[in-house]
Amino acid sequence: MESGAAEGPAPGRFPFPYAPYRIQEQFMEALYGALEAGRVGIFESPTGTGKSLSLICGALSWLRDWEEQRRQEEERLLALGAGGQDGLAPQQDTAGQPDWVTAFVHNKEERDRVNRLKDEHIRRKKREDSLEKIRHNVQLKYAAKRKRCEEDEAKRLLQLSKEALSQGAGEGILDQLDHNEEELILAEYESDDEKKVVSGLEEDDDDDLEEEHVTKIYYCSRTHSQLSQFVREVQKSPFGKDTRLVSLGSRQNLCVNEEVRRLGALQLINDRCMEMQKNKHEKKSDEENEGKKRRVSRTVCPFYSYEQMQFLRDEVLVEVKDIEQLVSLGRETKACPYYGSRFAIPAAQLVVLPYQMLLHEPTRNAAGIKLKDQVVIIDEAHNLIDTITCIHSAEVSGSQLCCAHSQLSQYMERYRKRLKAKNLMYIKQILYLLERFVAMLGGNVNQNPGCQAVSQTGTVLKSINDFLFESQTDNINLFKVQRYCEKSLISRKLFGFVERYGGPASAVKINKENQKLAGLQNFLLTLQQGSDKEGTPQSPPVEAEHDQLRTASPLMQIEGFLSALTNANQDGRVILNRQGTVGQSSLKFLLLNPAVHFAKVVEECRAVIIAGGTMQPVADFREQLLCCAGVDPARIVEFSCGHVIPPENILPIILCSGPSNQQLEFTYQTRDLPQMMDETGRILCNLCNVIPGGVVCFFPSYEYEKQVYGHWEKTGLLSRLSAKKKIFQEPKKANQVEQVLVEYAKCIKRCSQPGGQMTGALLLSVVGGKMSEGINFSDDLGRCVIMVGMPYPNIRSPELQEKMTWLDKTMPRAAGQAPSRVLIENLCMKAVNQSIGRAIRHQKDFASILLLDHRYARPAIFNKLPQWIRERTQVKPAFGSAFAELRK
């Protein structure tokens with residue numbers, strides 16, 4: 001890759017005392033130049049080169065220089081405005097106007113711009129003074145803590161007095177239960193117009209919340225643990241003490257209300273939180289109408305206190321905190337970390353968040369994230385295209401559709417007289433959509449989906465328009481239905497209804513009035529039993545609990561499918577998967593063009609940096625994501641680091657044949673041959689004799705790994721392997737991975753002691769499995785990584801075939817190759833590069849990499865290896881010369 005970013009600052013200008021390598025300075029200079037020039041950059045920096053710290057120092061150095069330039073420019077403009085000089089150019093075209101009109105417009109623009117700068121300067125000074133006061137005045141913290149303790153004590157005494165008064169008054173319990181049922185009634189849906197309401201902000205909010213967003217950096221990564229690790233790096237960096245950083249996360253990670261957290265599922269937590277906010281506003285309006293007797297005692301969140309969230313916001317901005325520290329602070333201050341952290345966004349310099357939150361526009365808007373003229377850094381971005389595709393795709397099963405129809409029908413029948421006309425209209429539209437979707441699968445919503453056999457099985461792909469036309473739903477405005485579901489919280493109301501009357505732990509006994517709901521309970525029980533038969537008999541309690549939650553609230557999943565159907569017709573496909581019964585069949589929306597959802601990010605931002613440890617091959621990012629999003633190729637810059645390890649610390653070998661001169665070609669036609677599996681076993685036996693510590697061997701799939709393992713058992717190769725290294729297999733269940741890794745590490749440590757016959761351990765893993773990403777096989781855990789064959793994706797997959805067809809229609813041919821062929825090769829090599837990158841994890845690490853397939857030597861494939869591996873790779877036609885190199 002070329003390293004031709006815009007010209008960066010002079011070398012050595014970064015306050016980075018930990019940088020022993022020139023590579024990190026090159027990375028920071030290239031990053032600084034890309035941010036300065038407003039580029040869209042694809043940056044690759046292998047693990048062990050200090051990528052996170054380089055991103056911090058390069059980006060924050062640029063941000064400080066940018067803020068200083070802005071401050072100097074503001075001071076110059078303010079001085080010109082104060083002196084009445086003619087130093088500001090008019091923004092409007094006044095050609096052909098009289099001179100006095102031109103002068104008036106010019107002077108008015110000058111005054112307006114100067115006034116805006118003055119207001120912004122005063123606001124910024126006020127904020128900085130406030131944060132500085134909090135930073136150095138410890139007494140303020142103790143005063144706030146003492147005030148919270150007094151308020152908690154007052155609430156406790158009030159609660160005790162209420163309990164004392166309520167003793168002996170048991171006759172009101174039944175009335176209370178009836179009143180609580182009012183929470184299940186949908187509020188009147190006033191209008192179809194989309195109102196601009198900022199979620200979580202009260203009407204009487206302080207002026208501080210209207211603060212303009214300062215220029216900031218949005219740093220995104222994939223997982224919560226990676227974000228926490230990045231925040232710890234910021235804390236250790238030279239910028240750690242005076243950077244205003246805020247960490248964002250989902251309610252599932254940040255909620256401190258135990259009652260809400262117990263719901264478990266993310267969608268349930270979201271809906272319950274929003275309902276509590278709505279209850280707070282309704283409670284406020286009820287208190288204003290003192291003459292009316294309140295019919296309902298609605299639950300409000302005790303942590304949603306604006307005053308306490310302001311305090312939490314200031315604490316977040318004063319000192320860098322990760323999500324765990326933010327949650328602890330929220331519990332201590334009795335303030336909601338989810339909304340308190342959002343209040344801190346405008347004044348923050350660095351916002352840390354999962355990239356799913358930034359890539360999904362509704363979530364981004366709800367969080368108050370404004371990308372205009374900001375900087376976005378997406379780290380661990382090797383699977384960025386897949387992530388965007390998954391976020392905007394959705395799948396619903398026939399069981400979920402039938403279950404949602406049954407629940408919603410029961411709900412409408414029970415509360416028909418209490419619901420307003422517009423609510424009834426939208427509920428009927430949703431019921432009609434569900435009925436037609438089930439009909440498309442060949443079923444009937446009025447029958448048990450588990451008992452309805454599908455006459456024509458198979459998979460059919462349709463365009464969005466064709467699907468809506470054939471299902472006879474093209475006359476329904478899905479945008480309005482989607483907005484109604486979002487605003488009315490109907491899925492939360494329906495879940496509360498099912499939880500009350502449809503679940504085993506019902507709060508109200510079924511009496512004569514609600515006998516008709518017994519059918520719903522039996523139906524849910526039937527669905528649950530059906531799913532239990534299909535699943536594993538001994539599943540963990542947590543998974544069973546989540547399955548029950550998903551079964552009880554299928555409308556939440558269906559809302560995502562309805563939202564996906566609002567995409568443009570050419571950007572996606574609907575997959576009808578008819579299998580066995582209607583309950584087993586499903587509807588899936590597949591997004592084909594992820595660029596449509598990434599375009600707004602690159603359009604609005606000043607600069608976007610897509611970074612990762614292994615980004616090769618980068619053609620997908622450049623062509624499928626950036627060029628399709630309308631990015632000018634001149635704005636795209638690529639940069640790739642070398643590695644900090646010396647050349648002799650890594651030995652990559654492409655092996656073309658085995659010990660018995662059997663050519664290594666693991667295609668679908670040849671890999672199942674006994675001689676191919678035997679040759680693979682011989683290679684491993686020879687390597688395990690000379691390589692100490694751990695050897696990690698990656699297979700293309702779980703099925704092939706199981707097949708080879710069984711063949712080795714029959715031929716006796718497995719016992720020969722076990723004589724030198726203890727064999728471990730990657731488990732399919734995620735909750736067993738940690739245990740296998742611990743045992744694997746213990747075995748290697750035990751075998752490293754002198755005197756033993758065994759030389760370590762052999763771990764049989766799967767490409768794309770639990771151990772091919774995010775796992776560190778550093779030092780003795782991975783002295784050799786072996787890749788068996790080339791893990792091409794399943795080309796028979798209908799989704800992949802449709803993606804290939806779409807690419808061939810929309811993308812130009814590159815170097816004489818069809819875009820579909822390039823896609824297959826890129827998917828394969830991305831998986832390979834991720835897997836072989838598990839070994840070298842720091843500066844002093846060393847390992848060998850063995851690629852078992854002669855096809856790796858082809859130029860088109862070879863050039864897609866990471867540059868730092870490609871430069872040191874040897875192609876060995878025979879096993880003897882390769883084995884000699886490994887023995888050294």
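In what order do the seven strands of the open sheet stand? Point 2 takes this up.

1. Ground rules. This is a predicted model, in which local features need pLDDT of at least 70, side-chain atom pairs count only at pLDDT 80 or more, and totals for chains, interfaces and linings use all residues. Residues are numbered from 1 along each chain as its sequence is written, and side-chain values use heavy atoms, with hydrogens and water left out.

2. The open sheet. Its order is β3-β4-β2-β5-β10-β1-β11, and the pairing is parallel. The edges are β3 (245–247) and β11 (636–640), each pairing on one side only. Neighbouring strands are turned by 15 degrees against each other on average, direction ignored. Helices (H or I, at least four residues) and strands (E, at least two) are DSSP runs, numbered from the N terminus. Two strands pair if DSSP finds at least two bridges between them.

3. Strand β1 (residues 40–44) pairs with β11 in the parallel sense, over five bridges. Within this pairing, G41 stands opposite V637 of β11.

4. Helices on the sheet. Helix α1 (residues 22–37) packs on the sheet and touches β1, β5 (375–378), β10 (607–612) and β11. The direction of α1 makes about 155 degrees with that of β10. Helix α24 (residues 595–604) also packs there, touching β1, β5 and β10. For α24, the angle with the direction of β10 is about 120 degrees. Axes are lines fitted to C-alpha atoms, for helices over the stretch in contact, and angles run from 0 to 180 degrees between N-to-C directions. Contact means heavy atoms within 4.5 Å.

5. Helices α16 and α17. The axes of α16 (residues 398–415) and α17 (residues 421–440) come within 9 Å and cross at roughly 155 degrees. That makes α16 roughly antiparallel to α17. Angles under 35 degrees count as roughly parallel, over 145 as roughly antiparallel, 65 to 115 as roughly perpendicular and the rest as oblique. On the α16 side the contact includes L401, H405 and M412; on the α17 side it includes L424, K428 and F437. By class, this contact has 13 nonpolar, two polar and two charged residues. Ala, Val, Leu, Ile, Met, Phe, Trp, Tyr, Cys and Pro count as nonpolar, Asp, Glu, Lys and Arg as charged, and the others, Gly among them, as polar.

6. Helices α27 and α28. Helix α27 (residues 702–715) packs against α28 (residues 717–724) at about 95 degrees, with axes 5 Å apart. That makes α27 roughly perpendicular to α28. Y709, W712, E713 and T715 of α27 meet L717, L718 and L721 of α28. The classes here are five nonpolar, one polar and one charged.

7. Strand β15. How many residues of β15 (residues 760–766) are buried? Seven of its seven are, and the strand is mostly covered. Buried means under 20% relative accessible area, exposed over 50%, partly exposed in between (1.4 Å probe, protein chains only). Seven bridges join β15 to β13 (residues 693–699), and the two run parallel. There, C697 stands opposite L764. Strand β14 (residues 725–729) also pairs with β15 in the parallel sense, over five bridges. I727 has L762 as its bridge partner.

8. Residue A847. It is found in strand β17 (residues 847–852). At 8% relative accessibility, A847 counts as buried. The C-alpha atoms of A847 and I650 are separated by 5.2 Å, although the two are 197 residues apart along the chain. Leaving aside neighbours within four places in sequence, the contacts of A847 include N649, I650, G782 and R783.
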